[in-house]
Amino acid sequence: MAGWPILSLTTFLPLVGAASILAIRGDAATVARNARNIALWTTLATFLLSLLLWAGFDPNVTGYQFEERADWIPAFNISYHMGIDGISLFFVLLTTFVTPLCILASWERIQHRVKEFMIAFLVFEAAMTGIFCALDFLLFYLFYEAVLLPMFIIIGVWGGPQRVPAALRFFLYTMAGSVFMLIALLVFYFNFGTTDIPVLIAQGHTLSSSTQIWLWLALAASFVIKIPVWPVHTWLPDAYAEAPGGAAALLAGVLLKVGGYIFLRFSIPMLPIGSEVLAPLVYALAVIALIYVSGVTVMITLAYGDLKKWVAYATLAHMGFGYIGMFTMTTQGLQGAVIVMLSYGLISVALFCCVGMLEERANTRDIARFSGVVETMPVFAFAMMVFMLASLGVPGTSGFVGEFLVLVGAYQASSWLALFAGTILVLGCIYFLWMYRLVVFEKAERADSSGLKDLNWREVAIVVPLVLVILWIGIYPDSFIHETTATVGDLINHYQTALAQAGSVAVALH
Amino acid sequence: MAEIPSILPATPEIFLACSALALLLLGVFKGDCATRLVSHLAAAALLVAAILVLSHSGARVFAFNGMFVVDGFGVFMKTLVLIGAAAVVMVGQGYAAQQRMNRFELPVLIVLSTVGMMMMISANDLMALYMGLETQSLALYVLAAFRRDTQTSTEAGLKYFVLGALSSGLLLFGASLIYGFTGTTNFDRIVAVLASAPKAEIGIVVGMVFMIAGLAFKVAAVPFHMWAPDVYEGSPTPVTAFFAAAPKVAAVALLLRVLIDPFGGLTDQWRQIITFMAVVSMVLGAVGAIQQTNIKRLLAYGSIGHVGYIFLGLAAGSEQGVRGILIYLAVYLVMTVGTFAVVLSMRHQGRPVENIAHFAGLSRTHPMMALVMALFMFSMAGIPPLAGFFGKFYVFLAAIEGHLYGLAVIGVLTSVIAAFYYLRIVKLMYFDETPVESIDQQNDGAVTVVLVGCGVFTALFFFFPVPIMSGAASAAASLFAG
């Protein structure tokens, strides 16, 4: 087993599925059915394959596992280098776990050009997995940008009524963020003559502090666009609201987490001085974004707005927690950040799928059109409640573990920070409970939701795994935290040593 | 007296010139009914010339008393030009036959102008440079006006001729100044003169500026770009394809050789000019294209933007910069030929259509064509992992290595703006359902071959980048060694 390139297989297996879908011939109904089946089974197989990664992962080892390396552009000293550590392991698993669920969520929603949709979806999964496995900066960048192509097509072809501007905005904003990362990549390459991530991590701290700050800002450009910070936030609600069911879930559940992953993989280990100096900026932006996003969510609830936009903002609020946790540079904060991102990845997917189920039945996304759903759809109401309580961070769900750890870390960094971050939890309660009451309980004259059918087997198959994993993380988080301990410890060690060295150099210069 | 062996390095040029004459004779005797045959033979001659070029060892060899040089750089560039020209001849034939411009002169003129381009690339003397440039340009003027019965084509020809003559004048004026101040026209001796003087005389710098202006006309860099959109739009599409592909590559090659070889010592002086032109070309290329509705005009602005990126690499003035440019050119050539092959196939009931609205719904009616076009558009926008990204990547790399951070930032920002209009084509093809007018099925074997070839190259370049990378690296090294 050891000799197998499991990472490459996991990454590229979806492409094999896409190629076989491309080969399907026959009448429209057959093609659609076969395309759906192939896509589902391919993604399930990919998930099983990625479980091998978890099984074979040695939590006590620092550094990278399942490494693969091959010459790619030898003239430029750039190689195909893959590998995972305790942090990326869970991002890979998150991707492979939710993709089949998202395909199930798109099962009936997508009725036209099914073949193309499934191909785009599988390509998206491959690129997404590649992002988290790449150990070469250029390779990472390639996967990172390659994600845009299928998502652009998915939003633009199968999206809602405003899909075209939403797709264009999504593409251009994201690209604008990532081209600065390209410049950072080039500066790294110029300084160290390689784009190999482990080498860059080992040597990055030797850069001068002004260079580190500029590079850090370049890397953060994508974060600013994704978190989102005014005035570059306008792409986000449109893209999420217009993306077809399963795709919005993937967008929010997985793609959004890449911003955090960039910090963990690049900014913090490679640019310790930059991270140290600019951490307050991250705190400020994260807190402002948290308040802004929560405010907008409350407004949408009050105005009986678009349910999908509501979910987009509601799930966004929690990314701020992840960012705060990372930059506290404490063991609890970092582990909390990983768990927060993992758990909100699952919760966003779950909430988007739930909204998709409502939309499929009632053909509307207006909060105002739903009421008393609990009468007609009790199973749905129960699942929705679990996801909502998890978002609120109720103990026993995945949300609690991450938020608790982050708050512990934030308190060590600054008690004010912990106070602000804690405030968001209260705001979250307002809009989550309010929305839940409006849609699920309140019996108003809004009659559109009478006669809705409860979940069918396909939908139960989406909801049950999500509920189980969310509870698993909440009740026995150690199976997840355990795997990340060594990596996080190593990251903090590296960070402190690098800072200390930089400090001693600064002292020696004086 | 030139000895016989000393003309051997020019074998490909001589072969191609003789083939052009033979094809001309064949055409004259057989008449227009032989156009198809002449086209095929022309493409074959261009490919044979490419093989002859490639069979050169890559060592630096002179001919014609040092006026003509063959080196790794020349071999790389000539190969690009020849492949581009051959591909255009192949895809243009079917179009020409259908659009009542089925005349054997078209391929012959393309071959003749290619001979001029090869002379330009190998020029090692101001005289040889001018001769090559004019051989190329004269054929191009005729090509632009090839559909002399239409107003737009004659307008394009006239415009190109007047502005081309002006730019040749500028170039000649600059060359005469340089001759006056250095006393030589030979590149190697100019280098020696510049090296011996402690500070470059102002006359040489002024002459160099005029030469750069003249050459900037040929590559359509802002502010010498005005002709490009009109000429691109007015010329018959196969000719536009040729304009966008081969002469651009040849003119960039010439500019590189002039700036690196004789004026390598004046890098600080020309860098300001090139930097300025890079910035304005990138910005104008990106912004100007947004409003365009004609696909050929749009691609003209796109190519202005591409020149901006090429100048970005040139501004670095380093071997890495030139290497980046060579990779960029190779990729650009393939994308351009592929894109124009699609544009050539866009016909409604036999009539060519050029409005971008006609791309609407193409993914339903012509799924494969839409797919390759989408590949080219994404690639031109520089989205990884497609070939266009690598072109930009190495150019930006050189800019960063030259500490041109501001320039690199402007470059990446304009590439985002440029992505908008390339995406617009993809949007039309994939997101808009109803076609304005139905597009005919294309059943031209040559076009299909070129489309598949270019599409595969664009999509899979990341998989096997080594041949082009190492070729570009050794070509750049040979330019700097000289």
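How far apart are the mean positions of the positive and negative charges of chain A? I looked this up first. The model is predicted, and I kept that in mind throughout. Chain A carries 22 positive and 29 negative charges. Their mean positions lie 11 Å apart.

**Entry: fold of chain A**

I went through the secondary structure next. Chain A has 22 helices and two strands. I then checked the radius of gyration, which is 22 Å. The globule rule gives 24 Å for 510 residues, and the two values are close, so chain A is as compact as a globular protein of that length. I also noted the span of the C-alpha trace along its principal axes. It is about 75 × 55 × 40 Å.

I asked what share of chain A is buried. Of its 510 residues, 65% are buried, meaning under 20% relative accessible area. I turned to contacts with a separation of 6 or more. In chain A, 81% of these join residues 24 or more positions apart. Then I looked up the accessible surface of chain A. It comes to about 17100 Å². Carbon and sulfur atoms hold 68% of that surface.

**Entry: where chain A meets chain B**

I listed the residues in the contact. Chain A supplies 33 residues and chain B supplies 36. The area buried between chain A and chain B is about 3400 Å². Carbon and sulfur atoms give 84% of that buried area. Which residues of chain A lose the most area to chain B? I found Phe76(A), Leu186(A) and Phe190(A). Together they make up 18% of what the chain A side buries.

Note on methods: Residues numbered from 1 in each chain as written. Chains lettered and ligands numbered in written order. Predicted model: local features only at pLDDT ≥ 70, side-chain atom pairs only at ≥ 80, totals over all residues. Heavy atoms only, no water. Helix = DSSP H or I, 4+ residues; strand = E, 2+ residues; numbered from the N terminus. Rg over C-alpha atoms; globule rule 2.2 N^0.38 Å. Buried < 20%, exposed > 50% of the residue type's maximum accessible area, 1.4 Å probe, protein only. Contact = heavy atoms within 4.5 Å. Areas by Shrake-Rupley, 256 points an atom, 1.4 Å probe, with all protein chains shown as cover. Lys, Arg positive; Asp, Glu negative; His and termini not counted. Charge placed at Lys NZ, Arg CZ, Asp CG, Glu CD. Buried area = accessible area lost by both parts, 1.4 Å probe.
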